[in-house]
Amino acid sequence: MAFDGIVVADLVREFRKELLNGRIARISQPESDELLLTVKTPDGQKRLLISADASLPLIYLTETNKPSPMTAPNFCMLLRKHIGGGRIVDIRQPKLERIVRFTVEHLDEMGDLCQKELIVEIMGKHSNIIFCAGDGTIIDSIKHVSAQMSSVREVLPGRTYFIPDTMHKADPLTVETGEFQRLLRSKPVPLSKAIYTSFTGISPVTAEEICFLSGLDSSVPAKEYSDDVLHHLYNQFAIYLSGVKEGRFSPAIYYDKGEPKEFSSLPLTHFDQYERREYPSMSEVLRTYYSTRSQITRIRQKSADLRHIVQTALERNRKKYDLQVRQLKDTANREKYKVYGELINTYGYNVEEGARKLDALNYYTDEMISIPLDPTQTPQENAQRYFAKYNKQKRTFEALSKLSMETKDEITYLESIRTSLDIALTEDDLAGIREELVNTGYIKRRFTRKKVKIKNTPLHYLSSDGYHMYVGKNNLQNDELTFHFASGNDWWFHAKQAPGSHVIVRTNGDELPDTTFEEAGRLAAYYSSMRGSDKVEIDYVEKRHVRKPKGAKPGFVVYYTNYSLVIDSDISGITLCSPE
């Protein structure tokens, strides 16, 4: 996650636009290391969330209010006393540091106009919120840092505030080409690491982007490159950071199969394998990114037991299927033993006693073959032995053919459950999958647990042409959608030979436009195990032609006439309707 100086610069630009000259109407401290400021501006009320949490420090504008403790903490009371009702007169970022300095103008106890600073440091485990007087003296901080905790800087009331320069990094916005090359050559590390350890506010992701734009191998040390090559690198470095100087930010999140992987304020072209979605502000990027990541993490944690059950069953069935396939291969020569028995009965009358083989004409292929014989048995006994071997392998083949097909269907079904778990977004989705596993015998229903009624509904999309499209999120929902919700002339979509959701498009008796077919195909590709692929084959057919075999597992259907299309799995342009 690239919460670097460039992101902070974008946030400062946003804060200056939204908060400058606003009055602080309310200050609360929802958590021990978190502030929520409510600021009244000419454009309305704004909320600023500031978190100095060591694991996830953040600062952004939010529309969500958070409950506060009944008794405000001391730091919160101090801020209310000094800057409650104060006016924000300046918001700035020193150099490209991950620091935001809010200058607040207010009246002191004597009624005189004075200024204080609220300094937010977004520095990982060293993050802090520090309140200073106009002369830089620390009044208090949300975290106290004593000399025993840090030999670099004390953050305590009465101390003078300063920014520690432990890494001796240069300002990337003012560095010249000579200093740039000297700093990189002085570090015997890969080029990208030399960049982000030499300049303030540059993250590893940004350093990789600059190397990528320059066409250089980021793993090679800078000293391996000539002056001309490093001068070219400096030019790309300066061009890229000119976006910061000129405020040309483009906040975006990069998604991999629907999961947010990275965010940035400037383009990251080396992430071309990911889907890029732009947002109107960096605050919205941070709200979306962290809420989505939190939701995905929470659902993954809650689905861990279901995933373990499904994965264990999958491994067991795959081992069983491999064994059945090997045993089936052993029966491949069964017809040969039948022919041996018939030929011995036909030509065995002239076999000499004690013969070890019989050379005979195979009247099925018109070729001579040599049949091994047991010299201790008569020709009739040899023939019966081969017939018995043939019948045994025939019975084995018939039984294994059925069993292997059942095992293969079970594997396909379990893979569909795993895909449903990947699609699941809410606890209701997980409850539906758990109920399905109970119904199919993979989980025992506890005697205290009543049968769950599935309350969650399919995903509902609206095509560009105004047609309603529905996506099942698990097999029970797929069955309900296809066989109880859809009408006969609605269209049904599914990824070909891949676990995934049933997609239904309501036609209302109309002939669907090509655009709607394509968008429904994208939904079927996205909500399948082929998510993220550029080319996914999709089967589609009118719902009237879709059948469910008797006794089939949930979600399993058959159809014998269908159309096909090849489409990507990008659904970013398709409208998702709110749950009803």
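Colleague: What makes the crossing of α8 past α11 left-handed?

Modeller: The word describes how one helix is turned against the other: a crossing is left-handed if the near helix is turned anticlockwise from the far one by less than a right angle, and right-handed if clockwise. Helix α8 (residues 304–330) and helix α11 (residues 427–439) pack at about 35 degrees, with their axes 11 Å apart, and the crossing is classed as left-handed. The axes are lines fitted to C-alpha atoms, for helices over the stretch in contact, and angles run from 0 to 180 degrees between N-to-C directions. Where they meet, D305, L306 and V310 of α8 face L430, I433, R434 and L437 of α11; contact here means heavy atoms within 4.5 Å.

Colleague: What kind of model is this, and which residues and atoms count?

Modeller: It is a predicted model, in which local features need pLDDT of at least 70 and side-chain atom pairs count only at pLDDT 80 or more, while totals for chains, interfaces and linings use all residues. Residues are numbered from 1 along each chain as its sequence is written, and side-chain values use heavy atoms, with hydrogens and water left out.

Colleague: How do you know where a helix or a strand is?

Modeller: Both are DSSP runs, numbered from the N terminus: helices are H or I with at least four residues, strands are E with at least two. Helix α4 spans residues 191–198 and has eight residues, so the run meets the helix cut-off.

Colleague: Why is α4 described as largely enclosed by the rest of the structure?

Modeller: Buried means under 20% relative accessible area, exposed means over 50%, and partly exposed lies in between (1.4 Å probe, protein chains only). Six of the eight residues of α4 are buried, so the helix is largely enclosed. Those six are L191, S192, A194, I195, T197 and S198, and their cover includes α3 (177–185), α5 (204–214) and α6 (227–245).

Colleague: How do you know how many disulfides the structure holds?

Modeller: A disulfide is a pair of cysteine sulfur atoms within 2.5 Å, and the structure holds zero. For C114, the nearest cysteine sulfur is that of C132, 14 Å away, so C114 is in no disulfide. C132 is likewise in no disulfide, and at 1% relative accessibility C132 counts as buried.

Colleague: What makes β3 and β4 a pair?

Modeller: Two strands pair if DSSP finds at least two bridges between them. Strand β3 (residues 44–51) and β4 have five bridges, so they pair, in the antiparallel sense. S51 stands opposite L58 in β4, and the two strands form a hairpin with six residues between them. As for β4 (residues 58–62), five of its five residues are buried: L58, Y60 and T62 point one way, I59 and L61 the other.

Colleague: Which strands form the open sheet, and in what order?

Modeller: The order is β11-β10-β12, with antiparallel pairing. The edge strands, β11 (259–264) and β12 (275–278), each pair on one side only. From one strand to the next the twist averages 30 degrees. Helix α7 (residues 282–302) packs on this sheet, touching β10 and β11.

Colleague: What makes a group of residues a nonpolar core?

Modeller: The members are buried Ala, Val, Leu, Ile, Met, Phe, Trp, Tyr and Cys residues joined through side-chain atoms within 4.5 Å. In the largest core, of 47 residues, F3, F15, I59, F102 and F263 touch the most other members. Helix α1 (residues 5–19) gives the most to this core, with six residues. A second, separate core of 33 residues includes V175, L184, A207 and Y254.
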